[in-house]
Structures are given as structure tokens and as C-alpha cells.
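I opened this model to see what can be read from its coordinates. My entries are below, in the order I looked things up.

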Amino acid sequence: MSLSPFAALLISLALAVAGPLAAMRYLRPILMQTIGRLCDDGQGSGPIAADFWTRAAYVLAISGTALLVLLWGDFDAIHPMQALRRGLLLVSGGVFASVAFIAFNVWKHVAALLAARRPPGAVPAPAPAVCWPEDGESSS
């Protein structure tokens, strides 16, 4: 079975749009709430700002993933599975990078907000220590 380079391009671009679109639709409700609270100035601008930043994230996620596919996609692959595999790897990488970028930037502001709300002199709780049992020992 052979796949024309044009068909491989169209399939790869469809994946490049569908992957980030699915991820962003999944994240949209909580992203809107979180960004809305971060951008709230008491005058009702939080939802408007949240809508803007969420739409900007959609555009960046889709265009970034499409750019990856267009730059490094293998549209002249001999076998269609090679083109599909390459396209899926690029889309997965693009979605991962987009979500990581958004999560990092949102968390940076959430952490600053939480630190500002912490009473003076309060020390944040330490992270729990993880102890791995030695060979043959039980974990209880």
C-alpha cells in the first residue's frame, strides 16, 4: 500500500490540529477557572482575561505542533505507517511541550499567590519522604 506525499501531509496536519485541540479541550474548564482567579481584579475582568489566555494557548499549541510536523514530518515515506508514526511522534511531542509550558507558567503564578497568602513566619510543609524497602523487607 502506498500513500502519496500530499495525502501524508494532509493526514499529518490533521493529527497536528486534532492532538492539541483534544488536549486543550480537556484542560479548558480548569484552565479557565485557574486563570480567571489569577487575573481577577475585583471588577469582573477575570473571565475575560481567562478567555483570552486560553484562546492564546489554543493557538500556540496548534500552531506549534503544526510547525513541528511541517518541519520534521516524513511525507515521502515509502510505507504509510512510517509517515503516520513520525506524525504521531511529532504531535505527541508538540502536545507535551505545549501542556508543560502552560502548566509551568500557570503554576509559577499560583505558587507566588499561595506564598503571598502564607502568614509571615510560616514555614511551608516539607515534602513527604519516600522510603523504598530493601530487598526482602516489607513496606509496612
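The entries go from the whole chain to single residues.

**Ground rules.** I am working on a predicted model, where local features need pLDDT of at least 70 and side-chain atom pairs count only at pLDDT 80 or more, while totals for chains, interfaces and linings use all residues. I number residues from 1 along each chain as its sequence is written, and side-chain values use heavy atoms, with hydrogens and water left out.

**Overall layout.** I found three helices and zero strands in the chain, in the order α-α-α along the sequence. Helices here are DSSP runs of H or I with at least four residues, strands are runs of E with at least two, and numbering starts at the N terminus. I looked up burial next: 23% of the 140 residues count as buried. Buried means under 20% relative accessible area, exposed means over 50%, and partly exposed lies in between, with a 1.4 Å probe and protein chains only. The accessible surface of the chain is about 10,100 Å², and 68% of that belongs to carbon and sulfur atoms. These areas come from the Shrake-Rupley method with a 1.4 Å probe; for residues, only the protein chains shown count as cover. Among contacts (heavy atoms within 4.5 Å) between residues at least 6 apart in sequence, 65% join residues at least 24 apart.

**Helix α1.** I followed α1, residues 5-39, and noted a kink of about 50° at Arg 28, shortly before Pro 29. The bend at a residue is the angle between axes fitted to the seven residues ending there and the seven starting there. The buried residues of α1 include Ala 8, Ala 16, Pro 20 and Leu 31. Their cover includes α2 (46-72) and α3.

**Thr 65.** Which residues does Thr 65 touch, leaving out those up to four places away in sequence? I listed Ala 16, Pro 20, Leu 90, Val 91, Gly 94, Val 95 and Ser 98. Thr 65 sits in helix α2 and is buried, at 0% relative accessible area.

**Salt bridges.** I counted two salt bridges, each being a side-chain nitrogen of Lys or Arg within 4 Å of a carboxyl oxygen of Asp or Glu. Asp 51 pairs with Arg 28, with the closest N and O atoms 3.3 Å apart. Asp 51 is in α2 and Arg 28 in α1, so this pair ties together parts 23 residues apart in sequence. Asp 51 also meets Arg 55, at 3.0 Å from N to O. Arg 55 and Asp 51 are about one helical turn apart, because they are four residues apart in α2. Arg 28 is partly exposed at 26% relative accessibility, whereas Arg 55 is exposed at 52%.

**Aromatic pair.** I found one aromatic pair. Phe 52 and Trp 53 are edge-to-face, 4.8 Å centre to centre with 75° between the planes. The rule takes rings of Phe, Tyr and Trp (its six-membered ring) with centres within 6.5 Å; planes under 30 degrees apart are stacked, over 60 edge-to-face, the rest tilted.

**Nonpolar patch.** I noted a surface patch of Ile 11, Met 81, Leu 84 and Leu 88, with about 330 Å² of accessible area together. Patches take residues with over 30% relative accessible area and no salt bridge, joining like charges within 9 Å and nonpolar side chains (Val, Leu, Ile, Met, Phe, Trp, Tyr) within 5 Å. Helix α3 (80-117) gives the most, three residues.
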